[in-house]
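Subject: Structure for you to look over

Hello,

Here is the structure I promised. Please open it and keep it beside this note while you read.

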Amino acid sequence: MVTHSNELARATPFSLQNCLTCPKETTSNEENNCKRRQLLLGVGAVTASLVPTSSLQAEEIPQNYKAFVDIPDGYSYYYPSDWREFDFRGHDSAFKDRFLQLQNVRVRFIPTAKTDIHDLGPIEEVVYNLVNHVYAAPNQMVNIIDMQERTTDGKNYYTFEYTLTSSNYASASFATIAIGNGRYYTLVVGALERRWRRVRNKLKVVADSFKVLDI
């Protein structure tokens, strides 16, 4: 199930009021993504009652944010309420600013035999390897600004802040990574580096909100 609301989904089937519609102005890629969400919504209506209440207990969403909950794929997060969903290649879900396309959040996951983020190694080592060898292109300079570890509902998360700079482009981002359900999840939310000071705190809420749900 996928829901976009001002309250996290309760572990009960959804009513028709939660149905997702596709805007008329969507592109073909966005329309396909929207249809996928409609399908997931129908599946979620059947599976929602099977999810433990503690996994999706209702809580207040920060003002000016909405909750995105994907029960079949086992994760949730908040995103700014004025952002729109779009299709980001290779990712399971994504939202972007209506006017600044490079200001966005996206989530992807891959299978893993590991059971906890600590299985990857110490946070310093994991973050360094990811940013330098996975996220950065060969021509980009890397600056890792901060890294934090948290535990929520018994699950561990690494969240880190970094910038990538090339000769004509610079971006700043937060990434949150976690392991659960036999999957290695990655959420990245970022913007142009020149706008970072204005939007950093707003995007930090998104990074810190990411949760893995039991499926």
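Helices (H or I, at least four residues) and strands (E, at least two) are DSSP runs, numbered from the N terminus. Asp208, for instance, is found in helix H3.

This is a predicted model: local features need pLDDT of at least 70, side-chain atom pairs count only at pLDDT 80 or more, and totals for chains, interfaces and linings use all residues. Residues are numbered from 1 along each chain as its sequence is written, and side-chain values use heavy atoms, with hydrogens and water left out.

**Confidence**

pLDDT is the predictor's confidence in each residue, from 0 to 100. The protein's mean is 81. Of its residues, 73% reach 70 or more. Two stretches need care. Over residues 5–31, pLDDT stays under 50. The model has 58 contacts there beyond four places in sequence, where contact means heavy atoms within 4.5 Å. Over residues 38–57 the pLDDT is also below 50. That stretch has 37 contacts beyond near neighbours in sequence. Where pLDDT is low, the predicted coordinates should not be read in detail.

**Overall fold**

The protein has three helices and eleven strands. Along the sequence the pattern is β-α-β-β-β-β-β-α-β-β-β-β-α-β. Of the contacts with a separation of 6 or more, 56% join residues 24 or more positions apart. Of the 215 residues, 49% are buried. Buried means under 20% relative accessible area, exposed over 50%, and partly exposed in between (1.4 Å probe, protein chains only).

**Cores**

A nonpolar core is a set of buried Ala, Val, Leu, Ile, Met, Phe, Trp, Tyr and Cys residues joined through side-chain atoms within 4.5 Å. The largest has 27 residues. Tyr77, Val105, Leu187, Val189, Leu203 and Phe210 touch the most other members. Strands E2 (65–70), E3 (75–80), E6 (104–111), E9 (170–180) and E10 (183–192) and helix H3 (196–209) each give two or more residues. H3 gives the most, with five.

Look at Tyr77. Beyond four places in sequence, its contacts include Phe68, Phe95, Val105, Leu187, Val206 and Phe210.

A second, separate core has 16 residues. Val127, Ala136, Ile177 and Tyr184 are among them.

**The largest pocket**

Rolling a probe the size of a water molecule over the atoms shows where empty space is left. The search uses a 1 Å grid over the protein atoms alone; a pocket is an open set of points where a 1.4 Å probe fits, with protein on both sides within 12 Å along at least five of seven lines. Lining residues have an atom within 4 Å of a point. Grid points are joined across faces, edges and corners, and a volume is the space filled by probe spheres set on the points.

The largest pocket has a volume of about 580 Å³. It is lined by 26 residues. The closest to its centre are His91, Arg106, Tyr135, Tyr162 and Val188. E6, helix H2 (123–135), strand E8 (155–165), E9 and E10 each supply at least two lining residues. E10 has the largest share, with six. The lining divides into 16 nonpolar, eight polar and two charged residues. Here Ala, Val, Leu, Ile, Met, Phe, Trp, Tyr, Cys and Pro count as nonpolar, Asp, Glu, Lys and Arg as charged, and the others, Gly among them, as polar.

**Single residues**

Thr163 sits in strand E8. Its relative accessibility is 11%, so Thr163 counts as buried. Beyond four places in sequence, Thr163 is in contact with Met141, Val142, Asn143, Ile145, Ser171, Ala172 and Glu193.

Ser171 lies in strand E9. Ser171 is buried because its relative accessible area is 10%. Its C-alpha is 5.8 Å from that of Ala191, 20 residues apart along the chain.

Back to Asp208. It counts as partly exposed because its relative accessibility is 32%. Beyond four places in sequence, Asp208 is in contact with Arg150 and Thr159. The C-alpha atoms of Asp208 and Phe174 are separated by 9.2 Å.

Most residues other than glycine have a negative phi. Two go the other way. Asn64 has a phi near 75° and lies in the loop between helix H1 (28–47) and E2. With 55% relative accessibility, Asn64 counts as exposed. Asp153 has a phi near 50° and is in the loop between strand E7 (141–152) and E8. Asp153 is exposed, at 60% relative accessible area.

Best wishes
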